[in-house]
Amino acid sequence: MPHPAPDWGHATTYEDVSGEIAVVGVGESDHTRASGRTSGQIAAQAVERALDDAGLLPSDIDGIMYAPFAGDQLDEDAFHRHFGTSQEMWVSKRGGGMVWAATAAHEAALAIREGRARHVLNTFAVAWATRRSEMVGGPGESHAQELFKQSLEVPFGWFPQPVYFATIAQRHMHEFGTTQEQLGAVAVACRRHANLTPSAVMHGRPLTLEAYLASPTIVDPFRKEDCCLISDGGGAYIMSASDRARDLRQPLVEVAGVGLGNSDTGVHWAEQRAFTSTPQVFAAPGAFSMAGVAPADVDVLTLYDPFTIHAIMQIEDMGFCAKGEGGPFVEGKALDHDGGGLPYNTHGGLLSHAYVLGIAHVVEVVRQLRGQAAAQVPDAAVGVYGGYTGPQASTVVLRRA
Amino acid sequence: MRPDFPLPDTEWEPTREYWAAAARGELAVPRCRACGAYAWYPAQSCPACGHSSFTWTTMSGRGQLFAWTVVRHAFLPQFSAEVPYVPALVALDEDPAVRIVTRIVDCDPTHLSVDLPVRVVFRPLSFPGIDREVIAPYFTPEQG
Ligand SMILES: [Zn+2]
C-alpha cells in the first residue's frame, strides 16, 4: 500500500463482487442553468436516455436506487407514474450521487446475486440552479440546517462549502507547498474537457491558466473557477448481471471493484484529524484490490470535485502519487485526456461539466470504456470514479470486458 | 430557519455552556469526568473512553492558528457588510486536537501564518436587522 496504515478512519468491509455485474445503460438529462424543472422531471429524462442506451424497456427495470435527500428524486412511485408501469421493484435509498454513485454498484451487485432484481437503475438529479434563491446558502442549505454548524461555525462566517474547502486548501498549501498554479491546472484541465463535451454547461467558455491567475480570489485561495457550477441536471445508470449484459446493446463494462472509506473523527470538517486528507485513503485500496489493479493501471479517473483541491487530495489519497505530491502531479497537461499523464474528469467534472454530484462522472467513465466519450482517452480499459462526502469517500473501478 | 439566523441559538443544550461562558468572557469546552480528555465538538459520549458526563472547563484562551481563509464574497447576505473577513480554526494550547472555529480580528490577514500564537478576545456578534447580539470568542495574534 502506498500509505502507512492511518488510524483516523477505516474501510467498510465489502464482499467481493468483481465482475458479477455490468453497467449496461447510461443517460444524462440536459445540463442547464436554472431550467424551471423539478429534479424528478430531470431524473426521468436521464432515465429515458439510459433505457434507450441499454435497449431496455421501462418494464424491464425491477430495481431502483436513489437518494432520499436533495429534493424530489425519481423513486419507484415516480418511476411508475412517469413510465406507466406497475412491476414490483427492489428499492434502495442508498443510491444517487456523491459517495453513493460508487457504492450503489456494490449494493446492486448483491441484490442481483440474491435474485432480488435483474436490472437495477441508479438515478440522481438536482434542480439547485432553479431552487437556489429559496435555499439558505444555496447548496449549503443542508449544512446551514445542521445544529452544531449553526451554533459553532455559521455565526463566524465559516460557511458554506467554498469557505470550508478554501481553508483546507490553505492548510494543504502550507503543509505541502501546493500552489495556486497547481489548483489552476485542475480547473484548466476540466474546462478544456468541457470545451470538448457539447453537453457541458461551460462548453464554449475556454479558460487559460493565465486568465485563471488574473481573476480575483473570492475566498482565498479560491477563485470562481476553483468552485463547482450550480446547474440543473441529472444522470442515471442501469446495472445487470454480466452474463445478461452480454446479450444487450452496448459493449460490456464490468464493475471490477468497489470500496468505501470512513473517517472516525467526526462529521464536521473542523474536527477532522487528517484535515488535508480524504477517506479515499481507506476506500481506494479495497476497490483496487477487489479489481486486481494498481493505480498505475488506471486509464481514466473521475473524481467528485466540488473544488479543485478535491482533485489533488483524492489523487494523493488514492495512491496515484505520494501524500503531498498531488500539486506537482497535476501540473501542466498531466490531467488532460491526451496529455500522457492521468486523464481526469474528461467530461469537465463538477467544475465545468455539470453539478450533478458525481452521477455524470460514472456515466463518463462508462462512455470512456466503451470508446464513446467526447474527449476520448485512446484504448481506455480501466476507469475509476471516486466519490466523496466529507466523512466518507468511495471508489468504484470499472473495466472494459 | 430561526428568524435570528445566523446568530447562534444560545439555548441549544449541547452548546449552551459554550455561549454562556463566552458571555462571562471565558472560553470553555467539555472535559470528560472519567479520563480528562477534551471532547470537541460536544458529544454524547467521550471519544477517548466512552464515558458520558463532562465538565465544561475554562481554557486559557491561548492557541495557535491552524488554518484560515479570507472571505471576500458574502455567501450569505448577512455577511455583506463583513467582507473581507477571516474565519479560522484555532488549535488550543491545552490540547491542539481541540480546534475552535472563530474569526481572526484586529490583524492584517497578510500577516497571518500557520501556527501563529493567538489569544481569545470577546466581542459582540450581531447582524443587520436582528435586534439581539451575542458575545462571541474571536481570536487575535498575541502581541509581542
Ligand atoms: Zn473520557
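The following dialogue examines how the descriptions of this predicted two-chain model rest on stated criteria.

Visitor: Which conventions apply to the model?

Guide: This is a predicted model, in which local features need pLDDT of at least 70 and side-chain atom pairs count only at pLDDT 80 or more, while totals for chains, interfaces and linings use all residues. Residues are numbered from 1 along each chain as its sequence is written, chains are lettered from A and ligands numbered from 1 in the order in which they are written, and side-chain values use heavy atoms, with hydrogens and water left out.

Visitor: What makes C32(B), C35(B), C46(B) and C49(B) donors of the zinc ion?

Guide: Donors are N, O and S atoms within 2.8 Å of the metal (3.2 Å for Na, K and Ca); water is not among the atoms, so sites may look incomplete. The SG atoms of these four residues lie 2.3 to 2.4 Å from the zinc ion, and they are its protein donors. Their spacing in sequence is C-x2-C-x10-C-x2-C.

Visitor: Why is the site of the zinc ion called tetrahedral?

Guide: Four donors count as tetrahedral if all angles lie between 85 and 135 degrees; four count as square planar and six as octahedral if opposite donors are over 155 degrees apart and all others between 65 and 115; anything else is irregular. The angles among the four donor atoms of the zinc ion are 100 to 114 degrees, and the site is tetrahedral.

Visitor: Which parts of chain B does the pair C35(B) and C49(B) tie together?

Guide: Helices (H or I, at least four residues) and strands (E, at least two) are DSSP runs, numbered from the N terminus. C35(B) and C49(B) both lie in the loop between β1 (28–32) and β2 (54–58) of chain B, so the pair ties together parts that are 14 residues apart in sequence.

Visitor: What surrounds H51(B)?

Guide: Contact means heavy atoms within 4.5 Å. H51(B), in the loop between β1 and β2 of chain B, is in contact with C32(B), R33(B), A34(B), Q44(B), S45(B) and C46(B), leaving aside its neighbours within four places in sequence. The C-alpha atoms of H51(B) and R33(B) are 7.7 Å apart, although 18 residues separate the two in sequence.

Visitor: Why is T302(A) counted as buried?

Guide: The relative accessibility of T302(A) is 0%, so this residue counts as buried. T302(A) belongs to strand β10 (residues 300–303) of chain A. Not counting residues up to four places away in sequence, T302(A) touches N345(A), H347(A), H361(A), E364(A), V365(A), V384(A), Y385(A) and G386(A).

Visitor: What makes strand β8 of chain A largely enclosed?

Guide: In β8(A) (residues 232–241), 10 of the 10 residues are buried, so the rest of the structure largely encloses this strand.

Visitor: How many bridges join β2 of chain A to β8(A), and how many join β5 of chain A to β8(A)?

Guide: Two strands pair if DSSP finds at least two bridges between them. Seven bridges join β2 (residues 21–28) of chain A to β8(A), running antiparallel, and nine join β5 (residues 119–127) of chain A to β8(A), also antiparallel. I21(A) has A241(A) as its bridge partner, and A127(A) stands opposite D232(A).

Visitor: How do you know that the span of helix α11 of chain A agrees with expectation?

Guide: The expected span of a helix is 1.5 Å times one less than its number of residues. For the 12 residues of α11(A) (residues 280–291) this gives 16 Å, and the end C-alpha atoms are 16 Å apart, which agrees. Nine of the 12 residues of α11(A) are buried, and these pack against β1 (9–11), β9 (253–263), α12 (308–317), β11 (382–388) and β12 (392–400) of chain A.

Visitor: Why is chain A called as compact as a globular protein of its length?

Guide: Chain A has 15 helices and 12 strands. The radius of gyration is taken over C-alpha atoms, and the globule rule is 2.2 Å times the number of residues to the power 0.38. For chain A the radius is 19 Å, close to the 21 Å that the rule gives for 401 residues, so chain A is as compact as a globular protein of that length.

Methods
Buried means under 20% relative accessible area, exposed over 50%, partly exposed in between (1.4 Å probe, protein chains only).
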